[in-house]
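Please keep the model in view while going through the points.

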Amino acid sequence: MNPHLILPLLIPFSTAILLAFLNGFPRLERALNLASTAGLTALSFWLLGEVDRGGIQAMVAGGWFAPWGIAFVADRLACIMLCLSSSVGALALAYACFSVEPRQERSFFHPLFQLLLLGVNWAFLTGDLFNLFVAYEVMLVASYGMMMVGASKRQVRQTLKYIAINSVGSTVFVVCCGLVYATLGTLNMADIALRSAQLDGERAALVTAVSMLLMVVFALKAAAFPVFFWLPDSYPIVPAGLNGYFAGLLTKVGVYSLLRMFVLCFRQPGAELVLQVLLVLSGFTMLFGVLGALCQWEIRKILSWHIISQVGYMVMGIGLAAAGADVAFAAVAATIFYVVHHIVVKASLFLIGGIAGRVAGTQELRAMGGVIDLAPGVAGLFLVAGFSLAGMPPFSGFFAKLVLIRAGLADGQLAIVLVSLVTSLLTLFSMAKIWAYGFWRASSLSAPLARHRALMAPAAVLVAFTVAMGLVAEPVLRLANDAARDVVDPSAYQAAVLVPVPAPGQPHAAGEGSAR
Amino acid sequence: MEFLMAALIGVMFAAGTYMILRPSLIRIVMGFGLYSNASNLLLIACGGFAPDWESPFISEAAGTLMDPLPPDIILTAIVISFAVSALLLTVAYRVYLDHDSDDPEKLPPDSLA
């Protein structure tokens, strides 16, 4: 029972309320917002250290015991995601404080950012399926607000589509919660893992069918094939800076949920069917994403399409977990490493693309050029981040793809390995296109259109991390391996959450739960 | 009872899907209203029913208590879908004011403008 597990939720929540009252005092808002996010980052890293040393920590709300009370669980995977969310959030916010338009900042930009952090952190820490639904809704409603902040015609029009798509997803999600409860009699994730492992025959097939429906929901949030079409239209309208956070974190919440539910939770005979479907979908996701990127001419649109193809790699790792325990372990570790690499690199690319756009006055590649003369530092950062995204050594992208492809070869999945290599090559081509048109060509401008030195700092931190993660991959790989062990084998997770109930004062529970 | 419930939920989801696919923003919003009510009915059905089940508030009752979790989930789902529907309606109205049309196919394609 660790009450501090609720702090990563309470801090953004209380900060959001405070910020809502401070609306209209931008300096005060920025200071409080940055201080709170920095504090959250420190707390996340402390929690990661605690969990790495002392094992999985769990907290059940209201002094109840695990399958009945609502559980919050911090294992290594959740803590890694928490650290990424808060640190990338802090850097994106620092960027946004320099670049956000006053009109947007007045429209509750700062409280919405904290609510977004609340929803994302909540999704990582919760140990209960229905609670995950609520976390998704908090995250989504905050992201609706964030997309419309400032309310230009284009923003409102595109947000309407985003709300409509996600409302369909949420409806299916809530239906899935009901169906999981009807078939398994529990919504607690540790308990789902326990009960689904005991099933056989018709009931197991029923649970597999329900989990397939749930897979569609998470695939929609993660923007996997064939439900990715909403992403390239909606991410470019997010205020500058914050699109780094959206691109890095929001789809990865879907990937995280896929990992959590389909590797850790659903263990009934036949559960690997969902993973096999995911493996096939991942190949299409990679190819469609990168082909979509090739025919775009605006930096933000190209990068948005690349999110889709990169999600394909992560889903590929999850799909490989259908094989035997050894391969599953390697594949999940590779997925976690890839998620870390991707969040950092993608966020940095969005920030760098934003700076290049400000310097050259446009993000349209055919109209821009010469950023290397106008702002050589920005060009250098882009070169490193772009190469890292494509998977060139010595950056983190190389090791991320290396471990993933080794897991694929160990399983003998040659087709998917081939697709991932082709996608990697096309990604390099796409990055080279941005480089050749946007950065290298002669420019008609003689001086940069906007000041950019201060904006470069957050992007530089992220780029430095991807270089460091490539040169010293060992500690991150070790952490990813340990995190994967807890996800592939649910016993430690269950032991931490489902503690035995003491005999006196046993809480009364109705329904199927009382049978335990 | 199960068949009746299943048929009702199925019809509501079908009607909701039809509405969402219509080229009119207000019908899309109404389609989501149908969706959320259909999913709430489905959650009630997930809890199961029997005429002799008692409400979960009387703790010393001798009979079988009904499962309190599905109604609990429904309450949360109603609050969330209410808020999201209100937001969706507002945004749809704003799009109508901006573009003078409630036909999503008449909206301009995505561009930087």
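1. Two residues are in contact if their C-beta atoms, placed from the backbone, lie within 7 Å. By this rule, 28 residues of chain A are in contact with 31 residues of chain B. The model is a predicted one, in which local features need pLDDT of at least 70, side-chain atom pairs count only at pLDDT 80 or more, and totals for chains, interfaces and linings use all residues. Residues are numbered from 1 along each chain as its sequence is written, and chains are lettered from A and ligands numbered from 1 in the order in which they are written.

2. Helices here are DSSP runs of H or I with at least four residues, numbered from the N terminus. On the side of chain A that touches chain B, helix H6 (129-148) and helix H7 (153-184) of chain A each supply at least two residues. H7(A) gives the most, with 18 residues. That side of chain A divides into 15 nonpolar, 7 polar and 6 charged residues. In this count Ala, Val, Leu, Ile, Met, Phe, Trp, Tyr, Cys and Pro are nonpolar, Asp, Glu, Lys and Arg are charged, and the others, Gly among them, are polar.

3. A residue is buried if 20 or more other C-beta atoms lie within 10 Å of its own, exposed if 12 or fewer, and partly exposed in between. A nonpolar core is a set of buried Ala, Val, Leu, Ile, Met, Phe, Trp, Tyr and Cys residues joined through C-beta atoms within 7 Å. The largest such core has 238 residues, and Cys177(A) is among those with the most contacts inside it. Helix H14 (residues 325-360) of chain A contributes the largest share of this core, 23 residues. Leaving aside residues up to four places away in sequence, Cys177(A) touches Leu129(A), Phe130(A), Phe133(A), Leu187(A) and Ile73(B).

4. Is Ser101(B) buried or partly exposed? Ser101(B) counts as partly exposed because it has 13 C-beta neighbours inside 10 Å. Ser101(B) lies in the segment after helix H3 (69-99) of chain B. Its C-alpha atom is separated by 27 Å from that of Met12(B), 89 residues apart along the chain.

5. Helix H5 (residues 109-125) of chain A reaches 25 Å from its first C-alpha to its last, close to the 24 Å expected at 1.5 Å a residue; the expected span is 1.5 Å times one less than the number of residues. Of the 17 residues of H5(A), 17 are buried.
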